[in-house]
Amino acid sequence: MSKEEIFIGAIDQGTTSTRFIIYDQKARPIGSHQVEFTQFYPEAGWVEHDPVEILESVRVCMAKALDNATADGHNVDSGLKAIGLTNQRETTLVWSKSTGSPLHNAIVWMDARTTSVCRKLDKELSGGRTHFVETCGLPISTYFSAMKLIWLMENVDSVKQAIRSGDILFGTIDTWLIWNLTGGVNGGLHVTDVSNASRTMLMNLKTLDWDKQTLETLGIPAEILPKIISNSEVIGKISKGWPITGVTISGCLGDQHAAMLGQACRKGEAKSTYGTGAFILLNTGEEIVDSKHGLLSTLAYKLGPKAPTNYALEGSIAIAGAAVQWLRDSLGIINTASEIEGLASQVDSTGGVYFVPAFNGLFAPWWRDDARGIVIGITRFTGKAHIARAVLESMCFQVNDVLDSMQKDAMEKGEKAEFLLRVDGGATVNNLLMQIQADLLGSPVVRPADIETTALGAAYAAGLAVGVWNEEEVFASGERAKTCTTFKPALEEQVRKKKAESWYRAVERTFNLSDLSL
């Protein structure tokens, strides 16, 4: 192997697992490692992670990926130019800046404990649920970091004390990782990027800075917040004590924004990532588009401090692949997630069964925190294969709902209302899922050869900042298109419409169920 090989690394810190992938100069993965970490469910609707366990998962993945690449003959030690990182968004942490110890477990994005905080603000603020939409693009919801931070400030004694003494730092997962990677208590950098900051409810979408009025209204001290930077710039170097030392960190994006970059989504192009949840983003270019149909105005990416800002419309779905995990871990219907495709393929329909996975409420486009999951249409004929297929259909129906909202918003602006759906994420290896998506959508679905575009996007951002790639190379899609798989709809239009109507009836039945007696 040539001694002049150039490599870029990517930390991909997701909701259930962490990966580290090393890419060569042609953006091909040459070494990787992945580990799962513990999910904590202290109460119904609560989801937490151990921040220290997440740090350790990064350490292990780095070391193992380096070993794997080296074993294959790559001189990564001398050729690794930079790393980027991407992370689960909204998940909220607070820690002591003097000791580096977390003051509480991380509260995960899908956690619903802040329902009472949201309802209180909804009643008290003049704009109700949409009070902050004009500045941050987001409604008041359990989903976003600000609500989780308020809960911590109101309910955790160690957090209250740390605020009084000035010994506290707030951040999302990206901030926690960068602070520790760059030294921690010994000069660690307290930063976040514009995409992660845009998911807190605290950043002004126009100024790309923390919004003072929002902070005052919510009672959040500005001094605990990280500095906001772009997605692609030299941030700092990895400190001693990590498997990779002295390497530049030069890219940082929230996972869905990284997937947009990994999919090379330009203005007018949409992607859907199927992971624990499902997230559909449409690049709206340099224009902030306000949705009238339940979508979020958010940031797509900003590829450098002086680069133009690209915005997006987003539809966020809380439960997608997590429903498959539920079948596996809670019901025991399958032993591994991959088994669902074979089981669901045993039947050619759900037999009239509809499953709505509103485990902690419904996100876009419904925004109902009072919704709860249901399975309807069960008869004596129903078997586990029907349930499995209904779970897969639920993922696709939810994506359809979001795309329908995107089309309505586009038509009202007098723009093209058809989007080529590019898909990625671990669940897209399921060919049946992708065919169901095409059938229920009534239009083609395009899957790239490399479905793990989230890590690739983080690598692209890092490589752009240090000159390994330029934007023209990153967004060149001609060669990439040749390796895509396209799933074309095969369902009759009349059947598709009837199934959609049945799905909407099922969704309506999930409302106002949060107070059911235990």
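1. Contact here means heavy atoms within 4.5 Å. By that rule, and skipping residues up to four places away in sequence, Ile 220 touches Ala 146, Leu 149, Ile 150, Met 153, Leu 202, Leu 215 and Leu 225.

2. A word on the source: this is a predicted model, where local features need pLDDT of at least 70, side-chain atom pairs count only at pLDDT 80 or more, and totals for chains, interfaces and linings use all residues. Numbering starts from 1 along each chain as its sequence is written, and side-chain values use heavy atoms, with hydrogens and water left out.

3. Ile 220 is also among the residues with the most contacts inside the largest nonpolar core, which has 138 residues. A nonpolar core is a set of buried Ala, Val, Leu, Ile, Met, Phe, Trp, Tyr and Cys residues joined through side-chain atoms within 4.5 Å; buried means under 20% relative accessible area, exposed over 50%, partly exposed in between (1.4 Å probe, protein chains only). Helix α13 (residues 384-412) gives the most to this core, 13 residues. Helices (H or I, at least four residues) and strands (E, at least two) are DSSP runs, numbered from the N terminus.

4. Apart from that core sits another of 38 residues, including Leu 85 and Ile 11.

5. Have a look at strand β5 (residues 80-87), where seven of the eight residues are buried. Strands β1 (residues 7-13) and β5 pair in parallel over seven bridges; pairing takes at least two DSSP bridges. Asp 12 has Thr 86 of β5 as its bridge partner. With β14 (residues 248-254), β5 runs parallel over six bridges, and Ala 82 stands opposite Thr 248.
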